[in-house]
Amino acid sequence: MKLNNLKKAKLKNKYVLVRVDFNVPIKNNKVLDDSRIKAAIPTITYLIKNKAIIILMSHLGRPQGKVVDSLRMDMIAKHLSNLINKPVFKFDDCIGPEVEDFINTMIPGEVALLENLRFYKEETDNNYNFSQSLANFSDIYINEAFATCHRDHASITGVTKFIPSYAGFLVQEEVRQLSKLNYPRRPFVAIIAGAKIDKLDLVNELLPKVDYLIVGGVISNILLKAKGEKVGRLNVDKKSLVLAKMICDNPKIILPVDFVKDDGVIKDIGPKTIENIKHFVKKARTIFWAGPLGVFETKKFAKGTYEIAWSIARSKGFTVVGGGESASVVHALNETKNFSWVSTGGGAAISFIKNEELPGLKVLKKL
Ligand code: 3PG
């Protein structure tokens, strides 16, 4: 896939709007894993060196069109500023006259970060006027948010209607690396887990691509429920349950067989499941992993996730980990160098492997 390369853009003295994915885990006002921020730095540095005026924008969490103070971008602006050793101006809004007035005072090489885009419902609705208001600040748009490229949102696709648009270095490298999964050496094993219920659709669509699909987290609970097993309280809509019933007996699906529970609630996979997953990992020649297998943030429920991360890291096959949380586990365990590629995308990476044309990439295609 050939994308409009940032290197082709004339940047000097230009206002450059950069969509990044700084949707990073934050606790007690601290960024817990900054790998997504670090991944955007080569592009930011390139823009600084080339004397562009840099306006960064990102979402954080899912505030659903409301201002949520704990999801403001201030902490991230500070963190980025420390990483690039330069002030990062943080705005309290992402559109409007105040933001525009400040941007007009910026000089080449300076960096600003807009407020959380998802404080506006118009962002996820891909509203035309909102997209235009974002594009108004700038001469050029760069997409460096691979992890959000599967979303048809204003800052991902909407803005590209108004200004020339390019792919940042991270987006280009993600595409190069993940494309290798479209021609996998077999067996190809995918491990899909985590807390996002919307991955169920992705699991279904990934099935034809892989030889084995190991499922954990909320998805495995839904599939087990569909099989009539007791999984405790589970908020699942009817449509997901119908889909789960359709796929739970597919012979490619490998489900957990035991669990670690706390007060009757599943918190991690159990020892038999860990051994079973290791068995599949051992025989795989291509592995894609997205989503932790338990509540790994709590030490006593991290074993399943850690053991699987270690076993994939020891594999001699082509190994890719995707998604903010699983990637942060790999970084925390110091195993980054033992994976063939650590993708910043979770849902985006899965969609890409399905051979789906991601909306965010489609609009960056070289004409
Ligand atoms: C992610 O964490 O996968 C990306 O930032 C996209 O977030 P979303 O699933 O809330 O759109």
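Predicted model: local features only at pLDDT ≥ 70, side-chain atom pairs only at ≥ 80, totals over all residues.
Tyr 120, by contrast, is partly exposed, its relative accessible area being 23%.

These two residues form an aromatic pair whose ring centres are 5.1 Å apart, with 35° between the planes, and the pair is classed as tilted. Since Tyr 120 belongs to the loop that runs between strand S6 (111-113) and helix H5 (121-124), while Phe 130 belongs to helix H6 (residues 128-135), the pair ties together parts that are ten residues apart in sequence.

## Tyr 128 and Phe 162

A second contact of this kind involves Tyr 128 and Phe 162, whose ring centres are 5.1 Å apart and whose planes meet at 70°, so that the pair is edge-to-face, planes over 60 degrees apart being placed in that class. Tyr 128 lies in helix H6, and Phe 162 in the loop between strand S7 (140-144) and strand S8 (165-167), so the pair links distant parts of the chain, 34 residues apart.

## Aromatic pairs and a cluster

Counted with ring centres within 6.5 Å, the aromatic pairs come to eight, among them the tilted pair of Tyr 120 and Phe 130 and the edge-to-face pair of Tyr 128 and Phe 162. One aromatic cluster is formed by Phe 89, Phe 91 and Phe 102.

Notes:
Residues numbered from 1 in each chain as written. Heavy atoms only, no water. Phe/Tyr/Trp six-rings, centres within 6.5 Å; stacked < 30°, edge-to-face > 60°. Helix = DSSP H or I, 4+ residues; strand = E, 2+ residues; numbered from the N terminus. Buried < 20%, exposed > 50% of the residue type's maximum accessible area, 1.4 Å probe, protein only.
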